[in-house]
Amino acid sequence: MQKIVPCLWFDIEAEEAINFYISIFNSAPYSAKNSNIVSIQRYPEEPSNIPVKGMEGKILTAIFELDGQRFMALDGGPIFKFTEATSFYVECADQEEVNYFWEKLSAVPESEVCGWLKDKYGLSWQIIPKRMGELLSDKDKVKAKRVMDAMLKMKKIIIKDLEKAYEG
């Protein structure tokens, strides 16, 4: 059982977002197909003392999993928005996987930098190849610095360009 579960506050599109994320992770290269909805509780259909008008039938809380990682989502109205201060890190096996997640998730090109992107709901993601960490942690500090310098110039991370910088 996962003790800490991130909660994602959406305006009114939690269900749409959950289904979007599940479809991406279940179709990803190397997917274990273990992304799914665990449970959904909805606001009552009849207007009552719901604090935000128009929430009837929307998601009060939903639990879902992306690649086995549990999340909670809710529709809470336009009170809070996502910021880059919180992001989800996706470690990718290779360039194919980086390209896949980048293509599926990136929706705000002006927010792309150093492997970070923002999706159509405003949520920030880091799409990072495992190889980048290996190159950056090399004992040869000169090589690692060249990799860092190359990465800082990128939007989407390109592994072959990092390896080229590593080699000098």
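**Note on the aromatic pairs and the sheet**

1. Phe20 counts as buried, at 18% relative accessibility (buried means under 20% relative accessible area with a 1.4 Å probe, protein chains only). Tyr121 is likewise buried, with a relative accessible area of 13%.

2. The model is predicted: local features need pLDDT of at least 70, side-chain atom pairs count only at pLDDT 80 or more, and totals for chains, interfaces and linings use all residues. Residues are numbered from 1 along each chain as its sequence is written, and side-chain values use heavy atoms, without hydrogens and water.

3. The structure holds 13 aromatic pairs (rings of Phe, Tyr and Trp, the last by its six-membered ring, with centres within 6.5 Å; planes under 30 degrees apart are stacked, over 60 edge-to-face, the rest tilted). Phe20 and Tyr121 form an edge-to-face pair, 5.8 Å centre to centre with 70 degrees between the planes. Phe20 belongs to helix α1 (residues 14-27) and Tyr121 to the loop between β6 (116-118) and β7 (124-129), so the pair ties together parts 101 residues apart in sequence (helices, H or I of at least four residues, and strands, E of at least two, are DSSP runs numbered from the N terminus).

4. One aromatic cluster includes Phe20, Tyr121 and Trp125.

5. An open sheet of 3 strands has the order β5-β7-β6 with mixed pairing (two strands pair if DSSP finds at least two bridges between them). Its edge strands, β5 (87-92) and β6, each pair on one side only. β5 and β7 pair in the parallel sense over 6 bridges, and Ser87 stands opposite Ser124 in β7.

Key. Buried < 20%, exposed > 50% of the residue type's maximum accessible area, 1.4 Å probe, protein only.
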